Amino acid sequence: MINLFIYYLKKFLPRKDRISSNFQYRHYLFNELIENIDTSNFENFRILEIGPRDGEDSQRLASLNPKDFFIIDLPNRTKNNLDWIVISSGGKLIDIAQDEGKEYIKIPSGLQPRAAFGYLTLAISRILDIVEGSDYVSQLNEASSYLEKLTEKAEDSDINKLSLDICESINKKTVIIYSGTNMSKVVSSRWKTQINENAKSKAFVGYLPEVHHNEILSWDADIDGSKNNYIVILIRDKNEHVQISKRFEFTKELIGEKVNIVEVNLNNQESTLKTLLELVLLGDLVSLNLANRLNIDPKNIDTIENLKKLLGG
């Protein structure tokens with residue numbers, strides 16, 4: 001449905017700057033979608049959009065009061081205030097929650113967002129458990145105990161040794177990460193951004209079967225350059241479809257002599273959550289050990305801060 005939605009946006013809608021007002025654009029969007037998309041996918045023919053009160057795309061989103069966000073019903077722009085809860089390490093958002101009598105979860109301060117992954121995951125799980133009656137927190141606690149056992153020996157743990165082996169294979173090469181299930185897609189994205197931010201190294205992701213539609217051909221040219229400058233990491237999942245498993249094997253067969261390949265396939269995959277978190281941990285260790293290998297400060301984000309200054313100027 002999402003791909004169909006994007007397709008129709010590109011095919012039928014004119015650029016926004018060719019329409020005189022936000023309301024006119026919303027009205028045009030509404031009519032085009034109703035005309036060209038199967039409306040059975042929409043409840044009561046309604047299309048919803050979330051945005052700030054003034055309807056403008058803006059960098060001010062981060063500074064807006066949560067009550068300034070609402071759903072507008074196109075094209076009538078009916079306002080429906082939403083209930084909300086704050087997850088924050090402190091500051092203005094928690095002050096607003098307290099003033100408004102809203103629930104909030106405070107996580108430890110001083111951490112960059114990527115380093116607060118565990119705290120944020122737990123906070124969201126608590127909310128889901130309350131709202132949906134799920135048991136994600138207990139599952140996380142069980143997975144946490146499992147991860148603690150994996151890292152008992154710290155630098156001498158098997159998972160850290162595996163991360164060091166992967167780092168040795170990567171060294172200064174550009175990393176291409178392929179995955180084939182929803183879970184492994186999440187993991188590959190985490191690996192990419194952690195390698196980008198912690199090790200300040202280049203990493204990109206691709207997904208099977210999409211890779212086989214085009215990207216697989218890119219390894220045909222400049223094989224020496226690929227061997228010397230790139231490494232492909234395959235993130236495997238025991239729950240991948242049999243056809244995806246075949247595609248992974250065919251991928252190794254077809255490009256294995258054109259680029260170095262590292263396959264990550266954990267032995268213990270008794271639950272999706274444990275597997276996901278173990279793979280996230282492994283990727284984090286890879287990024288940190290790679291940073292150490294390259295003599296890089298993982299905490300340094302000067303380039304991002306400079307970009308923010310330029311955008312703000």
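A residue is called buried here when its relative accessible area is under 20%, exposed when that area is over 50%, and partly exposed in between. By this criterion, buried residues make up 36% of the 313 residues in the protein chain. The structure is a predicted model, and every value discussed below is computed from it. Its secondary structure comprises eleven helices and nine strands. Among contacts in the protein chain with a separation of 6 or more, 62% are between residues 24 or more positions apart.

Helix α6 (residues 158–170) packs with helix α10 (residues 272–293), their axes lying 8 Å apart at an angle of about 55 degrees. The two helices are therefore oblique to each other. In this arrangement α6 passes α10 in a right-handed crossing. On the α6 side the contact involves I159, N160, L162, S163, L164, I166, C167, E168 and I170, and these meet E278, L281, L282, L285, V286, N289, L290 and R293 in α10.

Helix α10 also has α7 (residues 182–198) as a partner, with axes that come within 9 Å and cross at roughly 20 degrees. That angle makes α7 roughly parallel to α10, because angles under 35 degrees count as roughly parallel. The crossing of α7 and α10 is right-handed, as is the passage of α6 across α10.

S157 occupies the loop between α5 (136–150) and α6. With a relative accessibility of 3%, S157 counts as buried, because this value is under 20%. Once residues up to four places away in sequence are set aside, S157 touches L150 and T151. S125, by contrast, is found within a helix, α4 (residues 117–132). At 7% relative accessibility S125 is likewise counted as buried. Beyond its neighbours within four places in sequence, S125 is in contact with Y136, V137 and L140.

Aromatic side chains supply another set of features. A pair of aromatic rings is described by the distance of the centres and the angle of the planes. The structure holds one aromatic pair. Its members are W219 and Y230, whose ring centres are 5.9 Å apart and whose planes stand at 80 degrees, so the pair is edge-to-face. W219 is buried, with a relative accessible area of 5%, whereas Y230 is partly exposed at 32%.

Charged side chains are placed over two tyrosine rings. The charged end of K185 sits over the ring of Y207, at 5.2 Å from its centre. For K274, the charged end sits over the ring of Y146, and the distance to the ring centre is 5.3 Å.

At 44% relative accessibility, S218 counts as partly exposed. The C-alpha atoms of S218 and I255 are separated by 9.9 Å, while the two residues are 37 residues apart along the chain. P209 lies in the loop between β7 and α8 as well. A cis peptide bond joins L208 and P209, with omega at about 10 degrees.

Backbone geometry provides the last topic. Most residues other than glycine have a negative phi, and most peptide bonds are trans. N171 is not a glycine, yet its phi is positive, at about 50 degrees. This asparagine, N171, is found in the loop between α6 and β6 (174–179). N171 is partly exposed, with a relative accessible area of 31%. N295 also has a positive phi, near 60 degrees, and is a residue other than glycine. N295 lies in the loop between α10 and α11 (302–312). At 72% relative accessibility, N295 counts as exposed, because the value is over 50%.

Key. Residues are numbered from 1 along each chain as its sequence is written. This is a predicted model: local features need pLDDT of at least 70, side-chain atom pairs count only at pLDDT 80 or more; totals for chains, interfaces and linings use all residues. Side-chain values use heavy atoms; hydrogens and water are left out. Rings of Phe, Tyr and Trp (its six-membered ring) pair if their centres lie within 6.5 Å; planes under 30 degrees apart count as stacked, over 60 as edge-to-face and the rest as tilted. Buried means under 20% relative accessible area, exposed over 50%, partly exposed in between (1.4 Å probe, protein chains only). A charge sits over a ring if NZ of Lys or CZ of Arg is within 6 Å of the ring centre and within 35 degrees of the ring normal. Axes are lines fitted to C-alpha atoms, for helices over the stretch in contact, and angles run from 0 to 180 degrees between N-to-C directions. Helices (H or I, at least four residues) and strands (E, at least two) are DSSP runs, numbered from the N terminus. Angles under 35 degrees count as roughly parallel, over 145 as roughly antiparallel, 65 to 115 as roughly perpendicular and the rest as oblique. A crossing is left-handed if the near helix is turned anticlockwise from the far one by less than a right angle, and right-handed if clockwise. Contact means heavy atoms within 4.5 Å.
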